[in-house]
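Reader: I would like to learn how to read a few features of a protein model, one after another. Could we go through them slowly, with the general idea before the case?

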Amino acid sequence: MKNKLLHRPFQGPDELTRTFRSARRQILLFQLLALGLVFGFTIDTLNQETLLFGVGLIVSTFVSLLFLRWVSHGEPYLVMIASMIFSIGIIMIYRIEPELGMRQLVIYLGSLVCFFFVYFIVRAGHRLFEGHEIFYYAVTVGLFLVTLVFGLTLGGARNWITVAGVRVQPSEFAKIPFVFFVASWYTHYERYQTSLVMKMSLSIAVYVLLALFMLQRELGTAAVFFVVLIASQAAFERNRWIPFLNIALACLGLFVAYHLFSHVRVRFDMWLNPWSDFNDKGYQIIQALFAIAEGGFFGTGIGLGQPTRIPLGHSDFIFASTIEEMGLFMGICLIFLFIILLYRGFKYAMQQERDFYAALAVCISTQFAAQALIMFAGVFKVIPLTGITVPFLTYGGSSLLSSFILLGALQACAENFTLEVRHETK
């Protein structure tokens, strides 16, 4: 599995320390400047809670990065990227709705705890997680079935359940066992090469999940799962015809779904011509496009835009809200942050000694990038818009918590590699 294509000499301690300190200073500088602008435009309503939010964001980010640098011998780039994306998102959320910003900060603190918990568990007992594809798949299907039975329909999709008065989105947590399932399948790859059906068993299993998504009308997450499947097959599948067959079947399935399901037709119709129903179904995308046009390259400035006019400007359309006040320049930076996150994941995968964690790194990093780029393209009206979350950026407890859990597993994939390289170079 080891590949020298992206192999570079391991960074020395001094170089890694300089890089870490430089990135940490840049994140801190952005937080200070952005918070200063937000507080400056709300100076009449400043209170202890406002100051607590600012101090809490800065301290939690600083301490988490410092703690990771202390306990890990690997590269801290993944967490630095996630911290920067989160900082941009939470500042926009707080600027739009301070109460939601405070709530997001609390969720962030809990997510950091989960990140380190998963990181330590996977690093300490990494052999325990290899294989078990049937278990991981059963958990994934179970989360979907719970949603279908007990779920609430919000925004046209049946993807929420209520637990102790708190709304939870099981599909966000289903992404965790799903990537472990795909990685486990490729760990036991030879076992599934005995017949044509066995060779297609991974694709068939994913098709079942996609059918469940169709029942829930959650097309965006279905697209993310399919992209993860294709990326894993492109990276590890020896039968090169399988990913091409899946792409052809996906095109055929989309054609059939367009003619069978009205909500699929609505998505395509609003993509082609949102002005045909500008007061209802096309209103969201039109307002998002207006916001992007208003922002220009450098934005109106934090506090000077009108992101509250964008429906769900703190969640599904936070990318448009960010561009309006921070400009296309910040939008491009967000896109590159996710591309770098994808690159780091692929780099760790190609240099990973254990097949399971190589596949896991590909799946997790692809999932992060697919979620973000699908939503970004939808906001820009490049593809039909789908209502999914952007990892680390969008408001939402389920999304943020599951994203940091996956990030903890991805950090462990990088850690295993870096420890082995250090051992080899001694």
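Reader: Is Gln-287 buried or exposed, and why?

Author: Since this is a predicted model, the answer rests on computed values. A residue counts as buried when its relative accessible area is under 20%. Gln-287 has 15% relative accessibility, and therefore counts as buried.

Reader: Where does Gln-287 sit, and with which residues is Gln-287 in contact?

Author: Gln-287 belongs to helix 12, which covers residues 283-295. If its neighbours within four places in sequence are left aside, Gln-287 is in contact with Arg-309, Ile-310 and Pro-311.

Reader: How should I read a helix, and what does helix 3 show?

Author: An α-helix has 3.6 residues a turn, so residues three or four places apart point the same way. Helix 3, made of the 20 residues 77-96, reaches 29 Å from its first C-alpha to its last, which is close to the 28 Å expected at 1.5 Å a residue. Helix 3 is also mostly covered, with 20 of its 20 residues buried.

Reader: What is the volume of the second largest pocket, and which residues are closest to its centre?

Author: The volume of the second largest pocket is about 860 Å³. It is lined by 28 residues, and those closest to its centre are Leu-219, Ala-222, Ala-223, Ala-250 and Leu-254. Helix 8 (201-216), helix 9 (219-236), helix 10 (241-260) and helix 11 (262-272) are the elements that each give two or more residues to this lining, and helix 10 gives the most, with 10 residues. Sorted by class, the lining has 24 nonpolar, three polar and one charged residues.

Definitions and conventions:
Residues numbered from 1 in each chain as written. Predicted model: local features only at pLDDT ≥ 70, side-chain atom pairs only at ≥ 80, totals over all residues. Heavy atoms only, no water. 1 Å grid on protein atoms, 1.4 Å probe; cavity = no way out; pocket = protein on both sides within 12 Å on 5 of 7 lines; lining within 4 Å. Points joined across faces, edges and corners; volume = space filled by probe spheres on them. Helix = DSSP H or I, 4+ residues; strand = E, 2+ residues; numbered from the N terminus. Nonpolar A, V, L, I, M, F, W, Y, C, P; charged D, E, K, R; others polar. Buried < 20%, exposed > 50% of the residue type's maximum accessible area, 1.4 Å probe, protein only. Contact = heavy atoms within 4.5 Å. Expected span 1.5 Å × (residues − 1).
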